[in-house]
Amino acid sequence: MTNELVYSTQTGRIKAQKPQPEKPKTDGIVRIQRQVSGRKGNGVSVITGLDLNETELQKLASELKKRCGCGGAVKGFNIEIQGEKRELLKQLLEQKGFKVKLAGG
């Protein structure tokens, strides 16, 4: 049991601050892999190794989804794009100056 202050008579309810997730260390190479497991047979392209903060990651994901014409999401510090779009994603990321490798099957 933790001794965490949740209420004060002077200020009222005290909101607990959530710990910020740490950005993973990268080797400077962006990897794009295809994942199917746990997705009911629908594949997604997962982009890992981007050394960007959360707002830049959201902005990049939004742009990639528009250019690919499909949906996707940011989970953790990875971008998931629906469908098999690895070659197109590689081209788009290389145009932005990232060093890209296709990983996995």
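Author: Helices are DSSP runs of H or I with at least four residues, strands are runs of E with at least two, and both are numbered from the N terminus. By that rule the elements of this chain run β-β-β-β-α-β-β-α-β from the N terminus on, which comes to 2 helices and 7 strands. The model is predicted: local features need pLDDT of at least 70, side-chain atom pairs count only at pLDDT 80 or more, and totals for chains, interfaces and linings use all residues. Residues are numbered from 1 along each chain as its sequence is written, and side-chain values use heavy atoms, with hydrogens and water left out.

Reader: Thanks! Which strands form the open sheet, and in what order?

Author: There are 5 strands in it, in the order 5-6-4-3-7, and the pairing is mixed. Two strands pair if DSSP finds at least two bridges between them.

Reader: What makes strand 5 and strand 7 edge strands?

Author: Strand 5 (72-75) and strand 7 (99-103) each have a single partner strand, so one side of each has no neighbour in the sheet. On average, neighbouring strands of this sheet are turned by 20 degrees against each other, direction ignored; the axes behind such angles are lines fitted to C-alpha atoms, for helices over the stretch in contact, and angles run from 0 to 180 degrees between N-to-C directions.

Reader: How do you know that strand 3 and strand 7 pair?

Author: The pairing rule asks for at least two bridges, and 5 bridges join strand 3 (residues 29-35) to strand 7, so the two count as paired. These two strands run parallel, and V30 has V100 in strand 7 as its bridge partner.

Reader: Why is R86 called buried?

Author: Buried means under 20% relative accessible area, exposed over 50%, and partly exposed in between, with a 1.4 Å probe and protein chains only. R86 has 11%, so it counts as buried. R86 lies in helix 2 (residues 86-95).

Reader: And what makes its contact with E84 a polar one?

Author: A polar contact is a pair of N or O atoms within 3.5 Å; within protein, one must be able to donate a hydrogen and the other to accept it, and residues adjacent in sequence count only if both atoms are side-chain atoms. The side chains of R86 and E84 make such a contact at 3.4 Å.

Reader: How do you know that the buried residues of helix 2 line one face?

Author: R86, L89, L92 and L93 are the buried residues there. Seen down the helix axis, they fall within an arc of 125 degrees, so they line one face of helix 2; the arc is that of the directions from the helix axis to the C-beta atoms. On the other side, E87 and Q95 are exposed. The buried residues pack against strand 3, strand 4, helix 1, strand 6 and strand 7.

Reader: Why is K85 called partly exposed, while E80 counts as buried?

Author: K85 has a relative accessible area of 26%, which falls between the 20% and 50% limits, so it is partly exposed. E80 stands at 13%, under the 20% limit, so it is buried. K85 sits in the loop between strand 6 and helix 2, whereas E80 lies in strand 6.

Reader: Which residues does K85 touch, beyond those up to four places away in sequence?

Author: K85 touches S45, C68 and C70, where contact means heavy atoms within 4.5 Å. Leaving aside neighbours within four places, the contacts of E80 include R39, S45 and K75.
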